[in-house]
Amino acid sequence: MAGRLHDQHILVTGGSRGIGAAIVEKALAEGANVSFIDIEAQAGDALLAALPAKDRCHFGAGSVTSAADIARVHDQGVKRFGPVTGLVNNAGRNSYADPVAMTEQDWDDVFAVDLKAAWLVAREVLPGMIAAKRGSIVNIASIHADMTYPGFFPYAAAKSGLVGLTRSLALDMGKHQIRVNALSPGYTETFLVTEFFAKNDPSLRQKVLDVHPMGRMGTPAEIANCVAFLLSDEASFVTGANWRADGGLSARFAGS
Ligand SMILES: NC(=O)c1ccc[n+]([C@@H]2O[C@H](COP(=O)([O-])OP(=O)(O)OC[C@H]3O[C@@H](n4cnc5c(N)ncnc54)[C@H](O)[C@@H]3O)[C@@H](O)[C@H]2O)c1
């Protein structure tokens, strides 16, 4: 049976590890051709070499903060697999800045990756999608777009902006039959979460698990499953949405 993404070329940013790597693997398993860009060249090469479907996958090292890098990797992918039909803006970073001590450069560095890059990559792929009258874009936001954590400045602002970008693109691209959605993961076991716990009291991990209704965090594969749905034709009437995949964490009221 053909996979749900069998006729698609999916471009994933930040695909070398974590949630992005799981999205690359899931899209390949669903039959897509996949291109991915990541600043971590070694990790990207290692993932590519380990993939069973590596003949349907292209990796290009580069930064999503650079329009030139994006154009290079996009062009290489398009030469191999044709126009991009699905984009996953996944590359992201945490930020633990102090709002008073933070410099303008620090601010720009966070927003360059967590917000501006999503527009830069969309700008690259949209002409092909518009010409094809077909496309799906999934922006990996965060539950920090709705609620946040002290000491995490200004991650919530950037992720909230990404949800706003999602709404604007969904409205402007709807007439071209291009869908644009955000997916907001909660705690998902990756490098970013390990880094977050390492910066905090060792007891925090258990406290976090205790407030999760199912008593656990998510896996990258569980986030990738939601992304595959949003990319696929099964989500044909879903656009402008921000889907949460947080194991019910944000359904909880303080003290409950
Ligand atoms: N892990 C979580 O709990 C969680 C929760 C909510 C949202 N998110 C979001 O999910 C996305 C993936 O996070 P993750 O947990 O897999 O993190 P991760 O750090 O494991 O993976 C992020 C990937 O993005 C790449 N990347 C970073 N900056 C880049 C740049 N400038 N250019 C190209 N690639 C770059 C990294 O090299 C890495 O491969 C991020 O947008 C993150 O904000 C994660």
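Strand 2 (33–38) and strand 3 (57–61) pair in the parallel sense over 5 bridges. Strands here are DSSP runs of type E with at least two residues, helices are runs of H or I with at least four residues, and both are numbered from the N terminus. Two strands count as paired if DSSP finds at least two bridges between them. The model is predicted: local features need pLDDT of at least 70, side-chain atom pairs count only at pLDDT 80 or more, and totals for chains, interfaces and linings use all residues. Residues are numbered from 1 along each chain as its sequence is written.

Within this pair, I37 stands opposite G60 of strand 3. Strand 2, helix 2 and strand 3 make a right-handed β-α-β unit. Right-handed means that, with the strands pointing away from the viewer, the path from the first strand over the helix to the second runs clockwise. A residue is buried if 20 or more other C-beta atoms lie within 10 Å of its own, exposed if 12 or fewer, and partly exposed in between; the C-beta atoms are placed from the backbone.

Strand 4 (residues 86–89) pairs with strand 5 (residues 135–140) in the parallel sense over 4 bridges. There, S136 in strand 5 is the bridge partner of G86.

Helix 3 (residues 67–81) has 15 residues and should span 21 Å at 1.5 Å a residue; its end C-alpha atoms are 21 Å apart, which agrees. The expected span is 1.5 Å times one less than the number of residues. In helix 3, I70, V73, H74, G77 and F81 are buried. These residues cover an arc of only 100° around the axis, which puts them on the same side of helix 3. The arc is that of the directions from the helix axis to the C-beta atoms. An α-helix has 3.6 residues a turn, so residues three or four places apart point the same way. The face turned away from the buried side carries the exposed residues A68, D75 and K79. Cover for the buried residues includes strand 1 (9–13), strand 2, strand 3 and helix 4 (104–132). Contact requires C-beta atoms, placed from the backbone, within 7 Å. Just after helix 3, G82 takes a positive phi of about 85°.

Strand 6 (residues 178–185) includes A182. A182 is buried, with 27 other C-beta atoms within 10 Å. Not counting residues up to four places away in sequence, A182 touches N139, A141, L162, V163, T166 and N242. L183 also lies in strand 6. L183 counts as buried, with 25 C-beta neighbours inside 10 Å. With the same exclusion of residues up to four places away, contacts of L183 include V138, I140, I223, W243 and A245.

Definitions and conventions:
Two residues are in contact if their C-beta atoms, placed from the backbone, lie within 7 Å.
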